[in-house]
Amino acid sequence: MLAEKGDIKTVSVKKRIGQEVRRIMPRNRPGDFNQALMDLGAGICLPNGEPLCEQCPWESVCQAHKTNQETAFPVRAEKKSRRIEKKVVFLIEMEGLQVFAKQEEPGATEAIEIGHARTWESPQPNIILHKRPENGLLPGLWEYPNVDGEYTKEMARSKIREWFEGTDFVIEEVKPAGKKRHIFSHVEWHMTGYHIRLKVNPESVSAGESSSLSMLQKIFSRQQWVMVSKEAAINQYAIPSAFEYYKGQM
């Protein structure tokens, strides 16, 4: 009726329309007035069809009708296309280490100690997780280590070597873990996953001790990583649905 050219979803336009409505609203029958407006909108203006202007009691004062722009209102801004972000997800299993967890709840990075397993015969793989920042997208939730971009298998291998440089860990296996897309309201993640198996080189350790242990602890501290069992990763840590596919690949 007002032929308002602003975006109906903005606060300023809603406020302006509200002021106009209150200006003509009968004080003794505001409920009936509001109901009448809703009835006109649903039965006459027809949001999903051609309006029935000839049946409208406000035809003579409707600004949109006067200018033959009945179907041009209300104005809604076009939705912005979602931003595409490419990510490489690393599903890292570490064999030959065990976690001595002192924390009362998962996520206390500073309370985790990493020590060599007592036996090499049946190593228990442990999973690396990273905690997201407390602000931004998916705040404070746990995720698999990931980087921006799109990696080949060899690029993924090089990244792992870079991360674990100076430690006794060697790459046992790198294999693709599939591609997955996850859609948020304003952004799409296009993810490529790699399953990484790392193993302590037995020749580099002596009597269950390793000179690279302190280096490994520094890496975990710098990257904000924790190492947990597969069972704990599944049952105790809040990993968002964006990584649900890769959770099933572990």
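Figure 1. At a relative accessibility of 32%, Gln69 is classed as partly exposed, where buried is under 20% relative accessible area, exposed is over 50% and partly exposed is in between (1.4 Å probe, protein chains only). Gln69 belongs to the loop between α3 (63–66) and β1; helices (H or I, at least four residues) and strands (E, at least two) are DSSP runs numbered from the N terminus. Its C-alpha atom is 8.1 Å from that of Ala3, and the two residues are 66 residues apart along the chain. The model is predicted: local features need pLDDT of at least 70, side-chain atom pairs count only at pLDDT 80 or more, and totals for chains, interfaces and linings use all residues. Residues are numbered from 1 along each chain as its sequence is written, and side-chain values use heavy atoms, with hydrogens and water left out.

**Figure 2. Nonpolar surface patch that includes Leu2.** Met1, Leu2, Ile24 and Val61 make a nonpolar surface patch of about 310 Å². Patch residues have over 30% relative accessible area and no salt bridge; like charges are joined within 9 Å and nonpolar side chains (Val, Leu, Ile, Met, Phe, Trp, Tyr) within 5 Å. Areas come from the Shrake-Rupley method with a 1.4 Å probe, and for residues only the protein chains shown count as cover. Leu2 is found in the segment before α1 (11–24) and is partly exposed, at 39% relative accessible area.

**Figure 3. The aromatic pair Tyr144 and Phe243.** The whole structure contains 12 aromatic pairs, a pair being rings of Phe, Tyr or Trp (its six-membered ring) with centres within 6.5 Å; planes under 30 degrees apart are stacked, over 60 edge-to-face and the rest tilted. Tyr144 and Phe243 are edge-to-face, because their ring centres are 6.2 Å apart and their planes stand at 80 degrees. Tyr144 lies in the loop between β5 (142–143) and β6 (146–148), and Phe243, 99 residues apart from it, lies in the loop between α6 (230–235) and α7 (244–247). Both residues are buried.

**Figure 4. An aromatic cluster and a charge over a ring.** One aromatic cluster is formed by Phe90, Tyr151, Trp163, Phe164, Phe169, Phe220 and Trp225. The charged end of Lys87 sits over the ring of Trp189, 5.1 Å from the ring centre; this term requires NZ of Lys or CZ of Arg within 6 Å of the centre and within 35 degrees of the ring normal.

**Figure 5. Salt bridge between Arg197 and Glu95.** The structure has 14 salt bridges, each a side-chain nitrogen of Lys or Arg within 4 Å of a carboxyl oxygen of Asp or Glu. In the bridge of Arg197 with Glu95, the closest N and O atoms are 3.1 Å apart. The pair links distant parts of the chain, with Arg197 in strand β8 (residues 187–200) and Glu95 in strand β1 (residues 83–95), 102 residues apart. Arg197 is partly exposed at 23% relative accessible area, whereas Glu95 is buried at 9%.

Figure 6. Glu154 and Arg157 form a salt bridge, with the closest N and O atoms 3.7 Å apart. Both lie in α4 (residues 153–163), three residues apart, about one turn of the helix. Glu154 is partly exposed, with a relative accessible area of 47%. Buried in α4 are Ala156, Arg157, Lys159, Ile160 and Trp163. Seen down the helix axis, the buried residues of α4 fall within an arc of 160 degrees, so they line one face; the arc is that of the directions from the axis to the C-beta atoms.
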